[in-house]
Amino acid sequence: MTDALSGPQVRRLLSQGELSLFGQIPSASNLTLVCEATLGEQSTRCVYKPVRGETPLWDFPDGTLAGREVAARLIDAALGWDLIPETVLRAEGPPGAELGPGMLQLWIDQPEAPAGREPVEIVPADDVPEGYVPILRAHDDDGSVVALAHATDERLHRLAVLDAVLNNADRKGGHILVDADGRLFGIDHGLTLHTEPKLRTILWGWAGDPANESVRADLAALGERLSPGSDLTGELCELVSEEELAALRRRVAALADGGALPRPPHQRAIPWPPF
């Protein structure tokens, strides 16, 4: 199982393992299949998103979402944060599906009954839990005023910074997972790394503030790894355009130098629905 596998073993399973199809996630906006990757006696569950199943968008080039998901994981791994599950490109999906190349990502098991509060919750507007910040207020079906609020701990702070680095246009509450060990992960990074400002998120609690000191140190190290000719730059050049890579460098440099996290734009600041 995955909890006994090292990072290199997981990457090898995802890259080389034989895939078998389990089912489909019908709520996903793009075709998303649940598979199992098996190599020898090792196996792990994973998610397969074929390029052919991507919904065309007016503002992102067709057929690029799978590559952006892999690029997001490479950037996260270079930071050393491991907030995005291991993600690779595969030339083919499970036998019989005949869907061609796509993204394969490690499946994150979530407990049926969370041990504590969720990272993002809808709560009564007058009873926001300690350690949470409200970012949106609205009326519930019964007319009561509720708030969309998120926790303000270090793990979510890093995820909010990562979203700013990636220029993530789709950080919903449902794209934040917590496994049985309490580890937090972000998923669904196809709408990232655009050259134009696209940040849409439910993690606005740090808007206008600089990242904390340790996060800025990690960003400075990432900036060095993004230098022309580096291995990381070479990998990213296979996944995103030169213009997108240049915009990434600018965002990383600004945040590493103490620049403030972006503030919400006037419109469409929060993905809808937020979960």
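Is T44 buried or exposed? T44 counts as buried, at 2% relative accessibility; buried means under 20% relative accessible area, exposed over 50%, and partly exposed in between, using a 1.4 Å probe and protein chains only. Keep in mind that this is a predicted model, where local features need pLDDT of at least 70, side-chain atom pairs count only at pLDDT 80 or more, and totals for chains, interfaces and linings use all residues. Residues are numbered from 1 along each chain as its sequence is written, and side-chain values use heavy atoms, with hydrogens and water left out. Helices (H or I, at least four residues) and strands (E, at least two) are DSSP runs, numbered from the N terminus.

**Residues that meet across the sequence**

- T44 is found in strand β3.
- A149 has its place in strand β8, residues 145-151. With 1% relative accessibility, A149 counts as buried.
- Leaving out residues up to four places away in sequence, A149 touches P119, V120, E121, V123, V128, Y132, V133 and P134. Touching here is contact, meaning heavy atoms within 4.5 Å.
- C237 sits in helix α5, residues 231-237, and counts as partly exposed at 40% relative accessibility. C237 and A71 are 166 residues apart in sequence and 9.2 Å apart in space, C-alpha to C-alpha.

**The buried face of α1**

- Helix α1 covers residues 7-16, and its buried residues are V10, L13 and L14. Looking down the axis of α1, these fall within an arc of 95°, so they line one face of the helix. The arc is that of the directions from the helix axis to the C-beta atoms.
- Strands are among what covers those buried residues of α1, including β2 (33-39), β3 (42-50), β4 (87-90) and β5 (102-106).

**How α3 packs against other helices**

- Two packed helices are described by the angle between their axes and the distance between the axes. The axes are lines fitted to C-alpha atoms, for helices over the stretch in contact, and angles run from 0 to 180 degrees between N-to-C directions.
- With α2: helix α2 (residues 65-79) and helix α3 (residues 154-166) pack at an angle of about 130°, their axes 11 Å apart. α2 and α3 are therefore oblique to each other; angles under 35 degrees count as roughly parallel, over 145 as roughly antiparallel, 65 to 115 as roughly perpendicular and the rest as oblique.
- α2 passes α3 in a right-handed crossing. A crossing is left-handed if the near helix is turned anticlockwise from the far one by less than a right angle, and right-handed if clockwise.
- On the α2 side, A72, I75, D76 and L79 meet L162, V165 and L166 of α3. By class, this contact of α2 with α3 has six nonpolar, no polar and one charged residues. Ala, Val, Leu, Ile, Met, Phe, Trp, Tyr, Cys and Pro count as nonpolar, Asp, Glu, Lys and Arg as charged, and the others, Gly among them, as polar.
- With α6: the axes of α3 and α6 come within 8 Å and cross at roughly 140°. That makes α3 oblique to α6.
- V161, A164, V165 and L166 of α3 meet L248, R251, V252 and L255 of α6. The class count for α3 with α6 is seven nonpolar, no polar and one charged residues.
- With α4: α3 and helix α4 (residues 213-225) pack at about 35°, with axes 11 Å apart, and their crossing is right-handed.
- E154, H157, R158, V161 and V165 of α3 make the contact with S214, V215, D218 and L219 of α4. Sorted by class, the contact of α3 with α4 has four nonpolar, two polar and three charged residues.

**Backbone spots to check**

- Most residues other than glycine have a negative phi, and most peptide bonds are trans.
- D82, in the loop between α2 and β4, has a positive phi near 50°. D82 is partly exposed, with a relative accessible area of 35%.
- E98, in the loop between β4 and β5, also has a positive phi, near 50°. E98 counts as exposed, at 64% relative accessibility.
- W272 and P273 are joined by a cis peptide bond, with omega about -5°. P273 lies in the segment after α6 (242-256).
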